[in-house]
Amino acid sequence: MFIVLLICGGLVGFYLLLCATVCKLPKCKSTAKLHGKTVVVTGANTGIGRATALDLARRGARVILACRDESRAQAAVTHIQMETGNKEVLYMHLDLASLKSVRSFAENFLKKESRLDILINNAGLVIDGKTEDGFGKIFGVNHLGHFLLTLLLLDRLKECGPSRVVTVSSMAHWWGKIDFNCINTHKDLGLGNSTLDLLKLYGHSKLCNVLFTHELAKRLQGTKVTCYSLHPGAIKTDIGRHSNLWWRLLMAPFLLLFFSDVDSGAQTSLHCALQEDLEPLSGRYFSSCAVQNGPAKARDDAAAKKLWEVSERLVGLA
């Protein structure tokens, strides 16, 4: 019995040590106030997006929750307004799985809002299926929708500079790859719909995010707009809510024991959006509120340029 208790005590101690070190994420240190500033956060009705929007609202920003699900978004608006006392928090409809919806959002936003100081491309999903325009849903939502949205809002960001574009990627980009033949043939980053296939597609889409940011920074040189991509950490969110039941049951104990909460997951997004003196690091990838060196494929100039040109054609901008 003593040995069993000793082993259990050791395991608990090891778990607590992990929580205090490996699983503990740093906080954004910026004390910036955002009164008079306007921020758009996609996918802000839940998870990291909502936590990010809440922090920005607490700093006095006018925060626009760009979301697909109106009822969940309005609930988030009410929650954030009550938590912060900031009434300048509102919902605007955006379905990133529809290029028509992205264009409609941009047109509506530019008509109603005179400023855009920070754009946070936060929304992401892991789900099978096709977008309204026939793209793989993970590719369409995680990359193409945000690509088009950013480009449609870029002039307003330039007018309001210094301004920033922050794109939430993931360390999953390490196992991602860009198969341009598959994109051209199947309008997707890969084939297959098993859970493993979808996780691979997610990694490919996250590599798209990093390459997009890399190329965007080059094209923004000489302007007052800078851009950053990031890994939020291993976070308990509902991004996998569309996964099959067995996968969710398998992941549940790991999520419970080793993944951080959404407030922790928002910190690197906030760091990239707010921290002073990041301008020389435009185009770089961040994790744990610090710049990181990702794999060489995430800094491939030729791949980033080609992805940009292919994406322009796919969304109808070429």
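Q81 is in contact with N86, K87 and V89, leaving aside its neighbours within four places in sequence; contact here means heavy atoms within 4.5 Å. This is a predicted model, in which local features need pLDDT of at least 70, side-chain atom pairs count only at pLDDT 80 or more, and totals for chains, interfaces and linings use all residues. Residues are numbered from 1 along each chain as its sequence is written, and side-chain values use heavy atoms, with hydrogens and water left out.

**Around Q81**

- Q81 is found in helix α3, residues 70-84; helices (H or I, at least four residues) and strands (E, at least two) are DSSP runs, numbered from the N terminus.
- Q81 has a relative accessibility of 17% and counts as buried, where buried means under 20% relative accessible area, exposed over 50% and partly exposed in between (1.4 Å probe, protein chains only).
- The backbone oxygen of K87 is reached by the side chain of Q81 at 3.3 Å. That is a polar contact, a pair of N or O atoms within 3.5 Å; within protein, one must be able to donate a hydrogen and the other to accept it, and residues adjacent in sequence count only if both atoms are side-chain atoms.

**Around E312**

- E312 lies in helix α11, residues 301-314, and is partly exposed, with a relative accessible area of 21%.
- Not counting residues up to four places away in sequence, E312 touches F147, L317 and A318.
- E312 and L148 are 164 residues apart along the chain, yet their C-alpha atoms are separated by 7.9 Å.

**Helix α10 and the cysteines**

- Eight of the eight residues of α10 are buried: Q267, T268, S269, L270, H271, C272, A273 and L274.
- These buried residues pack against α2 (47-58), β4 (118-121), β5, β6 (225-231), α9 (262-265) and β7 (285-287).
- C272 has a relative accessible area of 0%, and C208 is likewise buried, with a value of 0%.
- How many disulfides are there? The count comes to zero, with a disulfide taken as a pair of cysteine sulfur atoms within 2.5 Å.
- For C272, the closest cysteine sulfur is in C289, 7.7 Å away, so the two are too far apart for a bond.

**The second largest pocket**

- The second largest pocket holds about 280 Å³ of space. On a 1 Å grid over the protein atoms alone, a pocket is an open set of points with protein on both sides within 12 Å along at least five of seven lines, a cavity is a set of points where a 1.4 Å probe fits but cannot get out, and lining residues have an atom within 4 Å of a point.
- Of the 14 residues that line this pocket, the closest to its centre are I118, P162, R164, A273 and L274.
- β5 (163-168) and α10 (267-274) are the elements that give two or more residues to its lining.
- The lining of this pocket divides into six nonpolar, two polar and six charged residues; Ala, Val, Leu, Ile, Met, Phe, Trp, Tyr, Cys and Pro count as nonpolar, Asp, Glu, Lys and Arg as charged, and the others, Gly among them, as polar.

**The cavity**

- One cavity of 30 Å³ or more turns up in a search of the whole structure. Grid points are joined across faces, edges and corners, and a volume is the space filled by probe spheres set on the points.
- Residues lining the largest cavity include L96, T131, D133, F135 and L144.
- Helix α5 (residues 137-159) gives the most to this lining, with three residues.
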